Amino acid sequence: MLKISTIKNNERMSTQDLLYEIESAVKSGETDFDIAASGQHDIGGPLWHPEGKTLKFHVTNAGQRVGSMCLPNTEIIVEGSTSADVGWLNSGGIITVKGDAGDTAGHCSSGGKIYIGGRAGTRTGSLMKHDPLYEEPELWVLKNVGSFSFEFMGGGRAVVCGVDSEEFSSVLGERACVGMVGGIVYVRGNISDYPEDILCLDLDESDINFLKGGMNNFLNAVERSELIAELSDWHEWKKLRPLTFEEKKPKVLPDLAAFRKNDWVQGGIFSDVAEDDFVVLNTVNRGLYRLRVPSWENAKYAAPCQFFCPTGIPTQQRLGLIRQGKIDEALKLVLKYTPFPGSVCGTLCPNPCMEGCTRATIDEAIKIGELGLQSTYIEVEPPKELTGKQVGIIGGGVAGLSAAWQLARLGHSVTVYDDANQIGGKLAQVIPHSRMPQEILQAELKRIEKIGVKFVTNCKVDAEKFREICEGSDAVLIATGGHKARYFPWEGAEKLTYGIEFLKAINRGEKPAVGKKVVVIGGGNSGMDVATSAYEQGAESVIVVDVVKPAAFPKEIRRLENFGGKIVWPFVTDKITDEGIFSKDGRFIAADQVIVSIGEAPVLDFLPDDSNIKKFRGSWLIPSPDKKIMPKVFAAGDVIKPGRLTDAIGDARLTALMMNQYLRGEEITLAVKKPVVPDENLSKKYFEKCHHCDLPDPMHEHLRCVSCGTCRDCQMCLNSCPEKAISRIEHEDGSWEYVCDETKCIGCGICAGICPCGVWTLKDNPEEIKMYRLYAAQ
């Protein structure tokens, strides 16, 4: 026998530690336990011996839930009394309490036996139940029980012997057997206050045999065997059981309408706010009493392509226009967002729009980049009316030109200043011509010029020129981008060649010096441009190193590898020498030229030395929420934060819209980005999976586009509504909308479930609308 004392050195063992110790002992094969408890709970269950042997527990000073969830082959003897929940959920154990038990003894027990040698508390035997596949549970109490005993009892047998309980008006307490639907309660002693659907009967032969068969075991267990003769006078016993279904008399249902009108609170319990119309609702209702209300919320959400595009181009709308046969309008739509659909969207952009495309979860993403190329040569008319406002833009890269494009189309006179001999920023000056077809770029630059934007090249903006531009402009935008090479103060950094200057020289038609063995620091797209350009300038080997996995686009990495170039990472540069480059961990790569291309910082030496102009790390501007850095001077693009071309275009567009508000004397409001349409709103089963050979050209991608969040006018809802509650309304401008007739709609939700675009939504019919309409109808 394993003896466990729960008080050691005046410290009490926790319940958790005690249960762990018991469980470990059982796993080790122990079967007998003598536990000197100090109020610990849950002793004795649920446990089972690995060999199926009987587990025996002798417990003193036990806490709550002795024998809770007790399993077969478990025997528990508690000396003295114990607290609540003895045998809670007992499933087969034999539990003996030699004294009194607390509340809810035997609660929810479904098997085994519980013997109590004294009194038991409130709700004893409540929710006892019996699974016919197993032996029924038994609960024996020597004296009496508290109120609400055997509440909602569903099975099993309980025995209340009534010893030393003559003083009580009922040995079952008050409101015994409420909700009882099964089982039997045997009682000796006074009984009162039990429900009408409970029968109090004399014992029959089977009842007596049950009590005879169990009484000796019970009394011996609680050490009161001297009471056997006193408790064997079966004439003193009664049994309580619930009426069977057959015995219950059917109730006559009341006339609810008459009750509500004659006996209920006059006007209804909410008569102070609304008059009860006593309408009885059917299972399926229309109008006001629908449980759910559908709503056609066209373009409430952004499609994933639009949401993930930093420029915010709504490609789903472009393809929708093509679907309607409005080709010219579709190709012009992208120009509302960017002047570079060919140079950037169709050529240089990594197309995050395609990464988020819903169609990619069906087969392949819509060819959005190629669609952009279709707008390369589309012409746009200059604005018919001018505002008379002058805008000066410093920087002729994608940010400056995108802002100029937007502002000019809004009627402002825009002049772009750039220090290079050609406009276009990095598109023209840095990105290799092999990657950026010049005929596309030149066509798009000319389109900007044709709507009235003036280009001033070879214009170095210094402090004096900046003041001049500010004085001659109603608003100024700084969009000079990043043109100052960044690098760390490595040993030998003076030996570096700057990647941006290297690329600029090549694009100017020069032949910059290049070594035979070249190492490029930086694995981004610019680094790959430098590396491939080095090969084109005569290098025999080029190795790109980076501290992390290169971030360049896969196609740019493949292009380098096709030249024979290699990539080494992780490589943390330590120093540069005439012989090559060393890493922090001692590796050496031989090189006679090291070119750095890890990004660029803006050159802003023309700005006034004003402490109010905030900068990040002394380089990048930190504008206010309205994009200003000083009165009437705004900032956009890489002067704020390095990013992709599409990031600069999107930022410039939003900045231009705020500048337009400023120029018109309006309050500057920040653009609110639409949330992306939830994927679960889309019904993708409407679309068939395409094989690669079946993919259409870009101008026919409307056949595959899911049109996420924007109605494609497929009329699925119109044709599927079982109540014909949906109708289509076409407006004079050719647009349309779908409306739901609430007098026909039952809120079934078929429209929302079948809509491929996620335009129909279904919401619970709000209670406040119901109450408002009831009140208004008075």
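Start by selecting F259, W264, V265, I269, F270 and V273, which together make a nonpolar surface patch of about 570 Å². A patch here takes residues with over 30% relative accessible area and no salt bridge, joining like charges within 9 Å and nonpolar side chains (Val, Leu, Ile, Met, Phe, Trp, Tyr) within 5 Å. Accessible area is from the Shrake-Rupley method with a 1.4 Å probe, and for residues only the protein chains shown count as cover; a salt bridge is a Lys or Arg side-chain nitrogen within 4 Å of an Asp or Glu carboxyl oxygen. Helices (H or I, at least four residues) and strands (E, at least two) are DSSP runs numbered from the N terminus.

A word on what you are viewing: this is a predicted model, where local features need pLDDT of at least 70 and side-chain atom pairs count only at pLDDT 80 or more, while totals for chains, interfaces and linings use all residues. Residues are numbered from 1 along each chain as its sequence is written, and side-chain values use heavy atoms, leaving out hydrogens and water.

Now zoom in on strand 21 (residues 517–521) and strand 27 (residues 593–596), joined by 4 bridges. Which residue of strand 27 is the bridge partner of V520? Select I595 to see that partner.

Follow strand 23 out to P570, in the loop between this strand and strand 24 (573–576). The peptide bond joining W569 and P570 is cis, with omega about -5°. For another cis bond, go to G45 and P46, where omega is about -5°; P46 is in the loop between strand 4 (32–36) and strand 5 (55–60).

Finish at strand 33 (residues 726–730) and strand 34 (residues 736–740), an antiparallel pair with 5 bridges. Show R728 and its bridge partner in strand 34, Y738. The two strands form a hairpin with 5 residues between them, and G734 in the turn has a positive phi of about 95°.

Definitions and conventions: Pairing = 2+ DSSP bridges.
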